[in-house]
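User: Hi! Could you walk me through how to read the features of this model?

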Amino acid sequence: DTAVSQTPKYLVTQMGNDKSIKCEQNLGHDTMYWYKQDSKKFLKIMFSYNNKELIINETVPNRFSPKSPDKAHLNLHINSLELGDSAVYFCASSRQGVNEQYFGPGTRLTVT
Amino acid sequence: AQSVTQLGSHVSVSEGALVLLRCNYSSSVPPYLFWYVQYPNQGLQLLLKYTTGATLVKGINGFEAEFKKSETSFHLTKPSAHMSDAAEYFCAVRSGGGADGLTFGKGTHLIIQP
């Protein structure tokens, strides 16, 4: 069974559209994260959720909004997509107090 | 604030040779340190971690790393490189045990020469 899964794996869309990426973890973890990996492979934290509360919100445009219906899911909604949003987005999860994070396979977003 | 510096965006070694990937960090509190590996078009896989205790940490696939507080380093080594080790390697730091995200270095692409 996949520990952290993301859908879709690939997403191609046009500028101005709104899209969502879904993430699910079956590890029983209580904290989930979204990271962005740019074209130079640099990884940066975007958000983390702990017990349905947003813990970190880095300098991310408010067009990005995480939504967590329950502890096992953290979806990423993106409004008014821009060319610069093209990247690979990774979901991750961890158990609070245990520090390693487990990553999903990534979603490659291409905005044309 | 915390940061990670990985020296060398690309490292090339011959198969069977020693692998050494360098990582230096800065953190205002005792850090938790990690190495992750990313194979092409895949997610990140944890190689090893340092939280507390023994400073020499052994991980998967024959990799190990040593935490040196005086040098603020956490270099990754493997005695003998294998072709399957070719991948992108990321060092990461986390300060505190809460819900903080990881701060990653820019990654080192490891190339294995036959």
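User: What share of the contacts in chain A with a separation of 6 or more comes from residues 24 or more positions apart?

Analyst: A contact means heavy atoms within 4.5 Å. In chain A, residues 24 or more positions apart account for 53% of the contacts with a separation of 6 or more. A word on conventions: this is a predicted model, where local features need pLDDT of at least 70, side-chain atom pairs count only at pLDDT 80 or more, and totals for chains, interfaces and linings use all residues. Residues are numbered from 1 along each chain as its sequence is written, chains are lettered from A and ligands numbered from 1 in the order in which they are written, and side-chain values use heavy atoms, with hydrogens and water left out.

User: How many helices and strands does chain A have?

Analyst: Helices (H or I, at least four residues) and strands (E, at least two) are DSSP runs, numbered from the N terminus. Chain A has 0 helices and 11 strands.

User: How does the radius of gyration of chain A relate to that of a compact globule?

Analyst: The radius is taken over C-alpha atoms, and the globule rule is 2.2 Å times the number of residues to the power 0.38. For 112 residues the rule gives a value near 13 Å, and chain A agrees because its own radius is 13 Å. Its C-alpha atoms fill a box of roughly 40 × 30 × 25 Å along the principal axes.

User: Which strand pairs with β2(A), and in what direction?

Analyst: Two strands pair if DSSP finds at least two bridges between them. Here 4 bridges join β2(A) to β11 (residues 107-111) of chain A, and the two run parallel. A:Leu11 stands opposite A:Leu109 in β11(A).

User: What about backbone geometry?

Analyst: Most residues other than glycine have a negative phi, and most peptide bonds are trans. The bond from A:Thr7 to A:Pro8 is cis, with omega near -5 degrees, and A:Pro8 lies in the loop between β1 (4-7) and β2 of chain A. A:Ser80 has a positive phi of about 45 degrees; this residue sits in the loop between β8 (73-78) and β9 (87-94) of chain A.

User: Why does A:Ser80 count as partly exposed?

Analyst: Because its relative accessibility is 38%.

Technical notes:
Buried < 20%, exposed > 50% of the residue type's maximum accessible area, 1.4 Å probe, protein only.
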